[in-house]
Amino acid sequence: MKILVVGGGGREHAIIMKLAESKLVDKLYCAPGNGGISKYAECFDVSATDIDGMVKLAKKLKVDMVVVAPDDPLVLGMVDAMRAEGFMTFGPTKDAAIIEGSKVFSKELMKKYNIPTAEYEVFTDSEEAIKYVKKQNSYPTVIKADGLALGKGVILAENEEDAVAAIHSMIDDKQFGESSSTIVIEEFLTGPEVSVLSFTDGKTIVPMISSMDHKRALDGDKGLNTGGMGTVSPNPYYTDDVAKECMEKIFLPTMNAMNKEGRTFEGCLYFGLMITPKGPKVIEYNCRFGDPETQVVLPMLEGDLCEIFKAIYEHKLSDVKIGWKSGSCACVVMASGGYPVKYEKGIEIEGLDEKGQVENAFVYHAGTKVSNDKFLTSGGRVLGVTCNAYTLQGALDKSYEAVSKISFKGAHFRKDIGQRALKAKTADPLDLEYKEDMENYIEENGVYLRQ
């Protein structure tokens, strides 16, 4: 098979490398791709959101499958356009991708079908929203733009002043364009976060191995929120009991709810969860593989990713064998200095071989380009340095050893990836000792909110 992967980040690099293992795959293409991806797949300069351009490219290349990885083209309907031209396509249609494209839709879906999530209200008028937060008088409170906002459409307001400012900036000042003309104000939840990606064809849902993301830019979960500074897998808080509860109360009900709404979801459905003292609750849905969670999940997959994608398209997921490696996987993100605000591009990266790799690790390229046979930075998150081992500590040690071999001017990475997981207690969240430990941890280290 010849496969075209849409996108150009670390997630797409991870997908391509897993597809390359398949005996079903002869040739890999990527658009737009990046420097690292170009060493494993033929890349084309077509924007991930250029639906017409991508359809023309797929026709020109005569591909057998198209994998649409990022959220924007999914929400815009690229899968629909590809399937209309007869291409086997992995990813949800526009009708189903709304589960990420509209937070209002996803919250109302959960409310309608009794899927556990935070309490919320929806507003389009800033004065009404301000009246609501003043009446609630409960902080911190979470304020979300309805639509996609490059992962930045969530504000955690610590007090009334912050809440009022956030509401005005979103609704009145259109901080995120039309994405924030409607907002969701929701209850703030506490507890450890868990990311669970899942394969689904609308009839069967197969959760992948769990993971833990690290969103803040600086050690100790300080600094600004980013797209993710590193991940580990599996997540120690995601116990067998929690997994069973999630399957019964969240995963299957969500798949069935989308079917009942006439929006059957086929692809990768991502569950952002918080394990609260009252049980797991949904913070958010994503309609695609998470980034950088994919970089620690797919290396643990025991199975043929191409076969899985094909089975989802054919609604035969239940026929495919899917397993997971034992041990742990860790990814440390090397970012440009100044990320996530202002940063330089075009800086030479040293320490990588001709394939963009280092020995005893796999380096997923997120923001790189190749010029005169040299790898240069081209984004905020540059590399995801990934290793697996029998233990989490072993995986982290290997990842940080690999990071030490790579350098570029201004390079920034967190030095505490995985430390929460290493210290985690995996007791029942209703256990009083656990609850007390969590409260102390939150008081000392701040709170966590997926943004």
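Which residue just after helix 8 takes a positive phi? In this predicted model, lysine 174 does, with a phi of about 50°. Residues are numbered from 1 along each chain as its sequence is written. Local features need pLDDT of at least 70, side-chain atom pairs count only at pLDDT 80 or more, and totals for chains, interfaces and linings use all residues, while side-chain values use heavy atoms, with hydrogens and water left out.

Helices (H or I, at least four residues) and strands (E, at least two) are DSSP runs, numbered from the N terminus. Helix 8 covers residues 160-172. At the start of helix 8, a side-chain oxygen of asparagine 159 comes within 3.2 Å of the backbone nitrogen of glutamate 161. Buried residues have under 20% relative accessible area, exposed ones over 50%, and partly exposed ones lie in between (1.4 Å probe, protein chains only). In helix 8, Ala163, Ala166, Ile167, Ser169, Met170 and Ile171 are buried. An α-helix has 3.6 residues a turn, so residues three or four places apart point the same way. The cover over the buried residues of helix 8 includes strand 6 (120-123), helix 7 (126-136), strand 7 (141-145), strand 8 (154-157) and strand 9 (183-186).

Four strands form an open sheet in the order 6-9-7-8, with antiparallel pairing. Two strands pair if DSSP finds at least two bridges between them. Strand 6 and strand 8 stand at the edges with a single partner strand each, so one side of each has no neighbour in the sheet. The twist averages 20° from one strand to the next; axes are lines fitted to C-alpha atoms, for helices over the stretch in contact, and angles run from 0 to 180 degrees between N-to-C directions. Strand 7 and strand 9 pair in the antiparallel sense over four bridges. Isoleucine 143 stands opposite isoleucine 185 in strand 9.

Strand 9 also holds glutamate 186. This residue is buried, with a relative accessible area of 5%. The side chain of glutamate 186 makes a polar contact with the side chain of lysine 107 at 2.9 Å. A polar contact is a pair of N or O atoms within 3.5 Å; within protein, one must be able to donate a hydrogen and the other to accept it, and residues adjacent in sequence count only if both atoms are side-chain atoms. Contact in general means heavy atoms within 4.5 Å. Beyond its neighbours within four places in sequence, glutamate 186 is in contact with residues including Ala118, Tyr120 and Thr141.

Glutamate 100 lies in helix 5 (residues 94-101). It counts as buried at 6% relative accessibility. A polar atom of the glutamate 100 side chain lies 2.8 Å from the backbone nitrogen of cysteine 287. Leaving aside neighbours within four places in sequence, the contacts of glutamate 100 include Asp71, Leu148 and Arg288.

A second open sheet has five strands in the order 3-2-1-4-5, and the pairing is parallel. Its edge strands are strand 3 (42-43) and strand 5 (88-90), each pairing on one side only. Three bridges join strand 4 (residues 65-68) to strand 5. Valine 67 stands opposite phenylalanine 90 in strand 5. Helix 2 (residues 51-61) lies across strand 1 (2-7), strand 2 (27-32) and strand 4, at about 160° to strand 1. Helix 11 (residues 305-313) lies across strand 1, strand 4 and strand 5, at about 110° to strand 5.

A nonpolar core is a set of buried Ala, Val, Leu, Ile, Met, Phe, Trp, Tyr and Cys residues joined through side-chain atoms within 4.5 Å. The largest has 75 residues. Met54, Ile99, Phe251, Leu273 and Ile406 have the most contacts inside it. Helix 9 (residues 240-260) gives the largest share of this core, seven residues. A second, separate core of 43 residues includes Val67, Tyr270, Leu301 and Ile308. Leaving aside neighbours within four places in sequence, leucine 273 is in contact with residues including Pro192, Tyr238, Phe251 and Ile283.

Four bridges join strand 22 (residues 368-371) to strand 23 (residues 374-377), and the two run antiparallel. Serine 371 stands opposite lysine 374 in strand 23. Their hairpin has two residues between the strands, and asparagine 372 takes a positive phi near 50° there.

Technical notes. Expected span 1.5 Å × (residues − 1).
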